[in-house]
Amino acid sequence: MIGVLITLALLFTQLSVMAFGGGNTILPEMQREVVQNHHWMSAQEFSALFALAQAAPGPNMMIVPLVGWQVAGWAGLLVSSLAKFGPSSIITLLVMRGWRRYKDRPWRQIVQSGLVPVTVGLVVSSGLLIAEASATSVALGGVILLCTALAMNKKIHPLWVLAVGAVLGLVLA
């Protein structure tokens with residue numbers, strides 16, 4: 001058990017410092033580590049945890065404590081949460097001081113503009129990874145495409161899109 005907790009701590013500490021542009025940017029790497037490298041759960045189980053985490057109120061990275069819980073119970077939940085949220089919070093506090101100080105510098109705008117496409121690419125990659133694991137049939141693939149189109153083209157609250165996807169998934173699965 002101690003070995004698993006150490007592995008969780010190392011994994012989520014690394015992911016914490018890599019989470020540039022938001023927590024969802026590390027989702028592909030988290031899934032690869034949890035599913036493919038450590039075999040703690042299947043891709044479908046990971047996808048289900050992600051859906052549960054997104055439906056729950058609170059930060060969008062609620063999947064981290066859920067993975068920890070799935071792997072090692074309460075101890076896993078605590079270790080994964082501290083490892084994921086601690087380092088990135090400390091780094092953010094330190095960087096924000098300097099970031100505010102240089103708010104009028106031209107290089108800051110250049111850096112910000114350059115990071116936007118990187119962040120978008122990482123988020124799109126996360127979405128594709130979850131969609132691939134969730135589309136276990138053509139019908140479910142259609143539900144994913146429909147919900148994606150709704151979310152991108154209509155001003156509908158995400159929970160309504162999630163509800164439509166859930167109902168269609170239940171009916172078609």
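Q: Which residues does V67 touch, leaving aside residues up to four places away in sequence?
A: We're looking at a predicted model here. Contact takes heavy atoms within 4.5 Å, and residues up to four places away in sequence are not counted. What's left for V67 is F12, V34, M41, F46 and L49.

Q: How many residues are in the largest nonpolar core?
A: V67 turns up here too, listed with F12, L27, M30, F46 and I63 as the residues with the most contacts inside this core. At least two core residues come from each of α1, α2 (27-37), α3 (43-55), α4 and α5 (106-134). Count up the largest nonpolar core and you get 26 residues.

Q: Is M18 buried, partly exposed or exposed?
A: M18 sits in helix α1 and belongs to the nonpolar patch. Buried would need under 20% relative accessible area and exposed over 50%. M18 comes in at 44%, so the call is partly exposed.

Q: How far apart are the end C-alpha atoms of residues 71-95?
A: UniProt, in an unreviewed entry, marks 71-95 as a "transmembrane region", along with 115-144 and 156-172. In the model, residues 71-95 are 100% helix and 0% strand. For residues 156-172, which are 88% helix, the ends lie 22 Å apart. For residues 71-95, that end-to-end distance is 32 Å.

Definitions and conventions. Residues are numbered from 1 along each chain as its sequence is written. This is a predicted model: local features need pLDDT of at least 70, side-chain atom pairs count only at pLDDT 80 or more; totals for chains, interfaces and linings use all residues. Side-chain values use heavy atoms; hydrogens and water are left out. Patches are made of residues with over 30% relative accessible area and no salt bridge: like charges are joined within 9 Å, nonpolar side chains (Val, Leu, Ile, Met, Phe, Trp, Tyr) within 5 Å. Accessible areas come from the Shrake-Rupley method with a 1.4 Å probe; for residues, only the protein chains shown count as cover. A salt bridge is a side-chain nitrogen of Lys or Arg within 4 Å of a carboxyl oxygen of Asp or Glu. Helices (H or I, at least four residues) and strands (E, at least two) are DSSP runs, numbered from the N terminus. Buried means under 20% relative accessible area, exposed over 50%, partly exposed in between (1.4 Å probe, protein chains only). UniProt positions are given in the numbering used here, feature names are shortened, and annotations may be inferred rather than shown by experiment. A nonpolar core is a set of buried Ala, Val, Leu, Ile, Met, Phe, Trp, Tyr and Cys residues joined through side-chain atoms within 4.5 Å.
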